[in-house]
Amino acid sequence: VEIHPETPQEGTLMTKRFRPEEIERMMGHLRSMGAPFGIAFADRPLLSNSRLALQAAEFSREHGKFELFHAALFAAYFSHGLDIGNLDVLKQIGQDAGLDIEAMAYDLHRGKYLPKLAEAQEESVRLGVTGVPTFFIGDKKSVVGAQPLDAFRKVLRSV
């Protein structure tokens, strides 16, 4: 799901979307949540347009390589600060995951997965998704974003 679908294809500078103190707070939160799991979060000057990456992920799912692709995509964006809206970056990630990158590029170019993304976007709006990941628990409870285990315990106790 695109959290910022209005982001231009070439991406946008983080400082154009968020105040410096917001960026610092977000990155500090991500780093503190990732550290116990060995996940490093790099400073990213660019907020990427994720539309191509989401389509490439659907391609990888269709070709049985989603887990590999997803892990590499996450690392590329969050740990290495790469622009996942860039087709060359996605092709390298796809190649590393063992995908046919020419077939992937062809399917992305023709927009094969755009209807599926539009459907997911509509569903996320209907459900009130405001961040990723979002975990739904029961009919009305959710946990949004990278949250500590205690946040999940609290919601689960209230169900």
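I start at F135, whose bridge partner in β4 is V143, and T134 stands opposite V144 in that strand. This is a predicted model, in which local features need pLDDT of at least 70 and side-chain atom pairs count only at pLDDT 80 or more, while totals for chains, interfaces and linings use all residues. Residues are numbered from 1 along each chain as its sequence is written, and side-chain values use heavy atoms, with hydrogens and water left out.

Strands β3 (residues 134–137) and β4 (residues 141–144) run antiparallel and are joined by four bridges, where pairing requires that DSSP finds at least two. Strands here are DSSP runs of E with at least two residues, and helices are runs of H or I with at least four, numbered from the N terminus. Three residues lie between the strands of this hairpin, and G138 takes a positive phi near 70°.

Turning to the helices, the axes of α5 (residues 87–96) and α6 (residues 101–109) come within 9 Å and cross at roughly 140°, with axes fitted to C-alpha atoms over the stretch in contact and angles running from 0 to 180 degrees between N-to-C directions. The two helices α5 and α6 are therefore oblique to each other, the class left after under 35 degrees (roughly parallel), over 145 (roughly antiparallel) and 65 to 115 (roughly perpendicular). In α5, L87, L90, K91, G94 and Q95 meet I101, E102, M104 and L108 of α6, contact meaning heavy atoms within 4.5 Å.
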